[in-house]
Amino acid sequence: MTARAFLMLLCLTGIASPALALDMSIRPNAAEMMSMPPFCAAKFNLKQGSPEWNAWRDRIGENFIDIHHYCFALVAVKRYWGARTKQDRGFYLQRALNNYDYIVNAAKPDFALRAEVHAGRGEVFMLMGRPGEAAKDFNQALVINPKYVKPYLQLADLHAAGKSTGRAL
């Protein structure tokens, strides 16, 4: 029996399912793209230098050129929540962290999504069980944009999970 025939037999019997396999691609699929922010679709689908592409660059800042890393991180976190094994969840969290690290390091002062990027990376740190690093990113998001509500909620969740309910309130 060939390897392909064996894999088909496993899939037909329900022992293995391609739908449960680890998605190694980094680009969002069509279903994932539907739930992504519109600038992700613009980055992946528009020709660089087109009027629409330039409008997104002007809105987001110079870092629009790097925005696909933020989009890749969002996809990885989304896939984390659907992963079935600890190993797969770890893979997706590390992929998300790598892309968040890239965009944090590349971020220019005019990058409109700096606070969101720090909040997202903080969420990944929290899911990885690294609360100290998560708190640093949530606080950095608040330094960048004190009106951004999400990091306040994330810090409250972090403190509540750490049994610091007084600080969470």
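**View A. A cluster of rings built from Phe39, Trp56, Tyr70 and Tyr100.** In this predicted model, ring pairs join Phe39, Trp56, Tyr70 and Tyr100 into one cluster. If you are keeping a tally as you look around, the count of aromatic pairs comes to seven. The next two views each take up one pair.

**View B. Phe44 and Phe72, a stacked pair.** Here the two rings sit 5.6 Å apart, centre to centre, with 25 degrees between their planes. Phe44 belongs to helix H3 (residues 38-45) and Phe72 to helix H5, so this pair ties together parts that are 28 residues apart in sequence. Are these two residues buried or exposed? Phe44 and Phe72 are both buried.

**View C. Tyr70 and Tyr100, an edge-to-face pair.** The centres of these rings are 6.1 Å apart, and the angle between the planes is 65 degrees. Tyr70 comes from helix H5 and Tyr100 from helix H6, so the pair ties together parts that are 30 residues apart in sequence. Tyr70 is buried, and Tyr100 is buried too.

**View D. Lys43 over the face of Phe64.** This close-up shows a lysine together with a ring. Lys43 is placed over the face of Phe64, 5.8 Å from the ring centre.

**View E. His69 and its polar contact with Asn99.** Find His69 in helix H5 (residues 67-82). Its side chain makes a polar contact of 2.8 Å with the side chain of Asn99. Which residues does His69 touch, once those up to four places away in sequence are set aside? They are Asn99, Tyr102 and Ile103. The relative accessibility of His69 is 16%, and because buried means under 20%, His69 counts as buried.

**View F. Leu93 and its contacts in the chain.** Leu93 is part of helix H6 (residues 86-106). With a relative accessibility of 6%, Leu93 counts as buried. Beyond its neighbours within four places in sequence, Leu93 is in contact with Tyr80, Val124, Leu127 and Met128.

Conventions
Residues numbered from 1 in each chain as written. Predicted model: local features only at pLDDT ≥ 70, side-chain atom pairs only at ≥ 80, totals over all residues. Heavy atoms only, no water. Helix = DSSP H or I, 4+ residues; strand = E, 2+ residues; numbered from the N terminus. Buried < 20%, exposed > 50% of the residue type's maximum accessible area, 1.4 Å probe, protein only. Contact = heavy atoms within 4.5 Å. Polar contact = N/O pair within 3.5 Å; in protein donor to acceptor, adjacent residues only side chain to side chain. Phe/Tyr/Trp six-rings, centres within 6.5 Å; stacked < 30°, edge-to-face > 60°. Lys NZ or Arg CZ within 6 Å of the ring centre and 35° of its normal.
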